[in-house]
Amino acid sequence: MSEAVPVPLWLFGYGSLIYKVDFPYLQRQPAQIHGWVRRFWQGSHDHRGTPQAPGRVVTLVAQAEAVCRGMAYRITPDVFAHLDHREKNGYVREVVEFCFDDGSRVDGVVYVANPGNEAFLGAASEGEIARHIAASAGPSGANSEYLFKLAEALRELGSEDAHVFAIERELRTLVASA
Ligand code: SIN
């Protein structure tokens, strides 16, 4: 966990934190972070899978020149009690710079699941990831629901996320042929 919490306190969501907003916030606006890509490389033991059969959810992977679009929320520090519990399966808080659509910038907090955490699964082809997601479910529901809701939310944000949209195409084919 990062010790220094920037004030005012902004949180950047790039996965389920975009579309499942089960926490209070003071303000919300689209934003992007530079130098990171969204990847379905993190295992989920507690939301979209189980410890015996983990699902796949997103994390951020450092990549020069990359831009990751998401949603920024201005929150109060007490909200971390809920968020740290929700994101407990391998994610740690990092401080990164966000860029808002008007060009202004602010430092804020993002949850990242780094390689080496016990639930990390790592790279796989988009076809393999789609097959994995199609077969997974956990206490928060089907893994496919996580993917489809994220893809829809990214389209609404105007994000061109080739990785997520390629998995979505593969998954729709699998679901249609099931
Ligand atoms: C996030 O949404 O920012 C973190 C990953 C997730 O909860 O899906």
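**Exercise 1.** Determine where the ligand sits and which residues surround the ligand.

*Solution.* In this predicted model, local features need pLDDT of at least 70 and side-chain atom pairs pLDDT 80 or more, whereas totals for chains, interfaces and linings use all residues. Residues are numbered from 1 along each chain as its sequence is written, and side-chain values use heavy atoms, with hydrogens and water left out.

Step 1: the ligand sits in the largest cavity, a cavity being a set of points, on a 1 Å grid over the protein atoms alone, where a 1.4 Å probe fits but cannot get out; to sit there, more than half of the ligand's atoms must lie within 2 Å of the grid points.

Step 2: the ligand is surrounded by Phe12, Gly13, Tyr14, Gly15, Ser16, Leu17, Val58, Glu87, Tyr91 and Tyr146, where a heavy atom within 4 Å is required.

Step 3: strand S1 (10-13) and helix H1 (16-19) are the elements that give two or more residues to this shell, helices (H or I, at least four residues) and strands (E, at least two) being DSSP runs.

**Exercise 2.** Find which distances separate oxygen atoms of the ligand from backbone atoms of Tyr14, Gly15 and Ser16, and how much of the ligand's accessible area the protein covers.

*Solution.* Step 1: a backbone N or O atom of Tyr14 lies 3.0 Å from a ligand oxygen atom. For Gly15, a polar backbone atom is 2.8 Å from an oxygen atom of the ligand, and for Ser16 a backbone N or O atom lies 2.8 Å from one.

Step 1: of the 250 Å² of accessible area (Shrake-Rupley method, 1.4 Å probe) that the ligand has on its own, the protein covers 97%.

Key. Polar contact = N/O pair within 3.5 Å; in protein donor to acceptor, adjacent residues only side chain to side chain. 1 Å grid on protein atoms, 1.4 Å probe; cavity = no way out; pocket = protein on both sides within 12 Å on 5 of 7 lines; lining within 4 Å.
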